[in-house]
Amino acid sequence: MNVLVLSGYGINCENETLHAFEVVGFKGKIIHINDLIQNPKQLNNYQVFAIPGGFSYGDDTGSGNAMAKKIMTNLYDQLIDFSLKDKLILGICNGCQILINLGLVPSLNKKDPEVAMIENKSGSYECRWVDVKVSNNKSPWLENISTLNLPVAHQEGQFMIPINLLKSIKANNLISLQYIDHHKKLAKGQFPFNPNGSKDDIAALTNQNGNVLAMMPHPERAFYHYHIPNWQSKTLKKFGDGYKIFMNAKKFFA
Amino acid sequence: MTNTIQILSIEKTGKESSLQKEHNNKSIKIIDGYFFSTNLDDQKFTKISKLISNDVSQTILTKKNVNNVLSSYSNFNWVVEIKFLPGVTDNIATTVKEIIKDNLKSSFKSFELGSTKIILIKGRKEDITKISKNEANPLIQTIKIYPFKKYLNNFKKNQFKIEKVKLPKKKYSKKEINLDISDHQLSLIGKLGIEEIDKSRRGTLGLDLESLKAIRNYFSTIKRKPTDVEIETLAQTWSEHCKHKIFSAKIDDIHEGIFKKYIKGATEKIIQLRKDNFCVSLFTDNAGGIEFNNDWIICHKVETHNTPSALDPFGGAITGIVGVNRDCLGFGKGAKPIANTYAYYLADPNKNYQLYRQKNNNDPMLPANFIAKGIISGVRVGGNCSGIPTPQGNVYFDDRFAGKPLVFCGTVGIIPKKIKGKLSHKKKANPGDIILMAGGRVGKDGIHGATFSSEELDPNSPVSAVQIGDPITQKKMSDVIIRELRDENLYSSITDNGAGGLSSSIGEMAKESGGFIVDLEKVPLKYNGLYPWEIWVSESQERMTLAVPPANVKKVIKRFNARGVEATIIGKFIKKEKAIVKYNKTEILNLDMEFLHEGYPKLNLKTSFPKIKKEKKKIIKKSSLIDKLHKLLSSTNIVSKEFIATQYDHEVQATSIIKPLQGEGRVFGNATAIKPLFDDEKSIALSQAAYPQYAETNPYDMAGCSIDTAYKNLIVSGANSKKIAILDNFCWCSSDEPDRLYQLKEAAKACYDYAVAYQTPFISGKDSMFNDFKGFNKAGKSVKISIPPTLLISSIGVVDKISHLTKITPDDGDILVVLGKTRNELQNSVYSKIIGYKKSKNPVVNSKDALRTYRNFEKANKLGIINSAIGIDLGGIGIAVAKMAIASKKGLTIDLKLKNKISVDQYLFSETQSRILVSIKKNNLANFKKIFITSDYTIIGKCTGSDVIEFKDNKKIMRSKISDFAKSYKQNIKGL
């Protein structure tokens, strides 16, 4: 089981993302986008393609846009090919924004991006812990998980989806994570439970196969128990909620 | 054909909402504009606009649709067009150029573009002007306000213009400067700069008459005239900013100067006493290094960026944070930045100070809230975009920062002890090594930054002294250095380009080899037309200088280039102790290294005892205890800074283990911790402290309090007392006045005394000596505003085990204990400022008592006897109690039956140092008492688990709900 973790141009969560995969049993490598463009065939050596969080191109021209365009020009077919196989793709935060800008998620009518990531309603960057619920079992990434406590850290985390598309997204069960409040009920846009004002409290989307997951919260930052806020006051197991997502990837290939 | 691409969001953006709310105007829309130097044909227009916009969320404006699209939002009548001035770093434009070049390959090569913010408004012109003032800074941006109709016209007739840098195309010819002139003429060169042929001056060199005479003497000995480049270089190298002349000067009877005697002296004494390997690299490198574990070193550096932040708050602050990141990259062979710290000392953002740099209400200081907001966002963008967590910081407000804000930015780095068997903190540029400049290009940014930050802010301060950091360029460069070069030992030395640019970085590194030869024409430029002296001293950001053995040069350049980073050979290091600079083969600088670095005249300073400014007594306002608590909790210096913590990513790198917001109730903590390695449970605890409010009363005790608090906060967090180091950042004012120098000497003396007493070494430091504003008030009267002397002590410590990390939240049934004695020390306290003040004293630290408390605490904590703990500082016990309750959402009962001659208010709000509020589980009380038999403590109450805090004295019970206290504590700061 091999994971390719993408880096370059301001992506910055590659070390901790790779670490999370390695702990659950993957072998992996951080590969710079330019090296991948030079030799796209190396994708064949990997079962998981992960785009970590960060600030590719400083979010200029919209978060994830510039990196997505670079991938579209240079690697698009290879990545589509990857997504159509029995393989997994994960985009976290900036990675999520890149996948959305690539149109790999929700990918209902192919090629062009259908969803946009826009600025948080608060207008400010939000670094805080949130609760999300898994809305369906479509994605292998989220199998047997009901809720997760994870941190978000973003300026543009609001999913903007045209009404008609939202209907088909719902019809196809592509909403995979939604923000919830302290009572485990949907946040209904209420800040800070929903940190960015995302419609329908959407925190993550998948493609129809479920093998591509684009999520705004950071599972790799909730990997160990000591990542969890106020862990000293709680009785906890060794790992935090983020661990479950990486374990699911392992199980998928087991 | 068009020369502009303009994009707007279909839905209201967060920024638009906040603007609309702020100005109570629903007709505000923002357009992202890009102006091109050449016309785009339709095909290019379509391709490019698709590349830089989003179909789903944005609309691209065209000549055809512009009218209809915009009128669907509102009936706009005014337009504000905000562009960067030519030459100012435009990060968005850089990205767009990169996108175009990357994706369109050869089809569109040479062009210029600038990013523009276009605000459309419906309203009166006065309101528009007001909005534009809030959104732009005239120092770095041009603001054009014109009617909407003209905008439409510009759109249709391709009349949007990009302003290119226009520089004189005069060829440089070597310029010799005659210094055999009158003292008056000589001092004009120092104050106003070298005179050009047209009689204009280049801008201040910050050289005093004595220095200029030393230069004259040197050149008369070598029998030639100096070149302009030589004088510029000496001005940079000898600046207060680079040489710290005041700290190294003879002062009264201290011949070796206060740095050697008190700061370095303290560390040397401590090393001698400790006999361990804790201190690794001190004072000589870009940051100070200590041992983290057997295999790793951590380093820490804190810088100030005050003057640039006064002029351009956003640019100043972002440059401050990415600049100090480079200090870590330049530590030893290159440490990876793993945490940022910040501390801001600001004027009240809710006040309008109306200060002007020139007479007749000309050249106004930026408003206090503009400065505060700009600084906060500058560090946000710099830190977040770099992928470095920013967990630790604080903000303090005082009117005396109205003339100059203080912006402290710090970075912690980590590096393996050994790289390929060699000690990583040792580096040496060898003769023959190539000088390689990597990262950004050179422009006119920050010309004269080093010399100018050493001068007071006055009407002649040059505006070109402002730089804007580009965190993405730096991140790309940093990744190559740390991941792809360092661990293969491909270079022999590395340092960053900060103040003084190449002249400083190469000058400093060349000390390792002997000297250097540089060919300036090889330096890549942002635009043509820079004079050699400008290239040499420019402070363009995101550059590192490396010394690379010739055999590795190709490989190193190739690796940089493969990641989209420029790297250029610009000269070589030599054995001969000469500094030589050539420009198109003409030698324009040739100095002895000894003279370059040590030739400046040493100062001889005298101090005099200042008139002590005692706080005026203020009548105590009558109100209930509960009411006073609410007032203090909501006062700007105590109120929660959560809004900053949540906009600074403190989780990136997945190392955050004690976060800035603590407990379910999210209290802004005074120490944080990160766990930097996946395979070691050791953590790094960070804190900082400064007490400018105590300075005018007693600078010695002020420094004592800063050290005590910074040290105590780490003890409280669970750090090993033998593994705590501190950093000093002196921000002073009027350091040419004997009474200010007296205060400086006193503060430095306290640094020695307390550091030695606590055996916590200084590992790095920096000073900024002239934080004064000279200008005019609204009435045209000349005013001078000096900051109160401020000594920021930053502390960094190692926590050996995860189980040693403490929390601030007590549990039901816990017994509350105050460790340390409480005295009537309310002078200059938050209480005295907000409530009033009678007879009291300034806090004084008794290091012996303090150490007994700290040692006992450490012992008890390791044994698991401490259930929760919080350092007591601003607002005293009262505020510490409230914070514990707010954080845990658990009620506390406090017993106020006081024995000593101290009133309830004095007891609860005194800011006596060296105290800790702890909670102990009942069954640990006996063990607790055994350990604490050697230090003072008072049992003050218990945790009830109810929803109120109650205070009981002999007569009555006073109580209030925790949620009400939380409301006061979480109030917004007015003006922000």
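Visitor: What makes β41 (residues 948-952) and β42 of chain B a pair, and in which sense do they run?

Guide: Welcome to this predicted model! Two strands pair if there are at least two bridges between them. Strand β41(B) and β42(B) share five bridges, in the antiparallel sense, so they count as a pair under that cut-off. One of the residues involved is B:Lys952, whose bridge partner in β42(B) is B:Ile957.

Visitor: Why are β37 (866-871) and β42 (957-961) of chain B said to stand at the edges?

Guide: Look at the strand order, β37-β39-β36-β40-β38-β41-β42 in chain B. β37(B) and β42(B) each have a single partner strand, so one side of each is left without a neighbour in the sheet. This sheet of seven strands is open, and its pairing is mixed. From one strand to the next, the twist averages 20°.

Visitor: Which helix packs on that sheet, and which strands does the helix touch?

Guide: That is α28 (residues 847-862) of chain B, which touches β36 (815-819), β37 and β39 (916-920) of chain B. The direction of α28(B) makes about 145° with that of β37(B).

Visitor: How many residues does each chain bring to the contact between chains A and B?

Guide: Chain B brings 49 residues and chain A brings 51 residues. A residue pair counts here if the C-beta atoms lie within 7 Å. On the chain B side, the elements giving two or more residues are α1 (14-23), α4 (91-104), α15 (368-386) and α17 (471-485). α4(B) gives the most, with seven residues.

Visitor: How do the residues on the side of chain B that touches chain A divide by type?

Guide: They divide into 17 nonpolar, 18 polar and 14 charged.

Definitions and conventions. Residues numbered from 1 in each chain as written. Chains lettered and ligands numbered in written order. Predicted model: local features only at pLDDT ≥ 70, side-chain atom pairs only at ≥ 80, totals over all residues. Contact = placed C-beta atoms within 7 Å. Helix = DSSP H or I, 4+ residues; strand = E, 2+ residues; numbered from the N terminus. Nonpolar A, V, L, I, M, F, W, Y, C, P; charged D, E, K, R; others polar. Axes fitted to C-alpha atoms, helices over the stretch in contact; angles between N-to-C directions.
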